[in-house]
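Please keep the sequence and the 3D view at hand while reading.

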Amino acid sequence: MISEWRNMTSYEIREDMVNNPDHYTQGHIECIDAMRAMLTEEEFIGFLRGNSFKYHWRLRGKADSLEDLQKAKWYDNKLEEILRKEKT
């Protein structure tokens, strides 16, 4: 694993921390998947909107604002995915 990280650019490492951080997975289930299974569709949409807002809100107060911006975009993309499915 360490040799893989050495070959990654800092952007790729940041992407991994945004899209699939190790600490978000317990066993084989990612936290976001457990949340989606537990909540109604409306509740899950609210969860996604709230997390996007949270990352935008504290963006300038963090050492790595770009990472928080990418996290907000991740939640926005997930929200868009759900809303597009609703239209079909």
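## Terms and overall layout

Helices (H or I, at least four residues) and strands (E, at least two) are DSSP runs, numbered from the N terminus. The model is a predicted one, in which local features need pLDDT of at least 70 and side-chain atom pairs count only at pLDDT 80 or more, while totals for chains, interfaces and linings use all residues. Residues are numbered from 1 along each chain as its sequence is written, and side-chain values use heavy atoms, with hydrogens and water left out.

The protein chain has 5 helices and 2 strands, and from the N terminus on its elements follow the order α-α-β-β-α-α-α. A residue is called buried under 20% relative accessible area, exposed over 50%, and partly exposed in between (1.4 Å probe, protein chains only).

## The nonpolar core

A nonpolar core is a set of buried Ala, Val, Leu, Ile, Met, Phe, Trp, Tyr and Cys residues joined through side-chain atoms within 4.5 Å. The largest one here has 11 residues, among them Ile-32, Phe-44, Leu-48, Trp-74, Tyr-75 and Ile-82. Helix H4 and helix H5 (65-87) each supply at least two residues of this core, and H5 gives the most to it, with 5 residues.

Phe-53 has its place in helix H4 and counts as exposed, because its relative accessibility is 53%. Between Phe-53 and Tyr-75 there are 22 residues of separation in sequence, and their C-alpha atoms are 9.3 Å apart in space.

Trp-57 also lies in helix H4, and with a relative accessible area of 68% it is exposed. Trp-57 and Leu-69 are 12 residues apart in sequence, with a C-alpha to C-alpha distance of 9.9 Å.

## Salt bridges

A salt bridge is a side-chain nitrogen of Lys or Arg within 4 Å of a carboxyl oxygen of Asp or Glu, and a search of the whole structure finds 5 of them. Lys-62 forms one with Asp-68, the closest N and O atoms being 3.7 Å apart; Lys-62 is partly exposed, at 35%, whereas Asp-68 is buried, at 2%. Arg-58, Lys-62 and Asp-68 are linked in a network of salt bridges.

Two further pairs belong to helix H5. Glu-67 and Lys-71 form a salt bridge at 3.4 Å between the closest N and O atoms, and, being 4 residues apart in this helix, they are separated by about one helical turn. Glu-67 is buried at 18% relative accessibility, and Lys-71 is buried at 15%. The side chains of Lys-85 and Glu-81 meet in a salt bridge of 3.9 Å, N to O, and these two residues are likewise 4 residues apart in helix H5, about one turn. Lys-85 counts as exposed at 51%, while Glu-81 counts as partly exposed at 33%.

## A negative surface patch

Patches are made of residues with over 30% relative accessible area and no salt bridge, like charges being joined within 9 Å and nonpolar side chains (Val, Leu, Ile, Met, Phe, Trp, Tyr) within 5 Å. Asp and Glu count as negative, and Lys and Arg as positive, whereas His and the chain ends are not counted.

Glu-41, Glu-42, Glu-43 and Glu-86 form a negative surface patch. Its largest share, 3 residues, comes from helix H4 (residues 41-57). Glu-43 is found in helix H4 and is partly exposed, with a relative accessible area of 42%.

Definitions and conventions. Accessible areas come from the Shrake-Rupley method with a 1.4 Å probe; for residues, only the protein chains shown count as cover. The place of a charge is taken as NZ of Lys, CZ of Arg, CG of Asp or CD of Glu.
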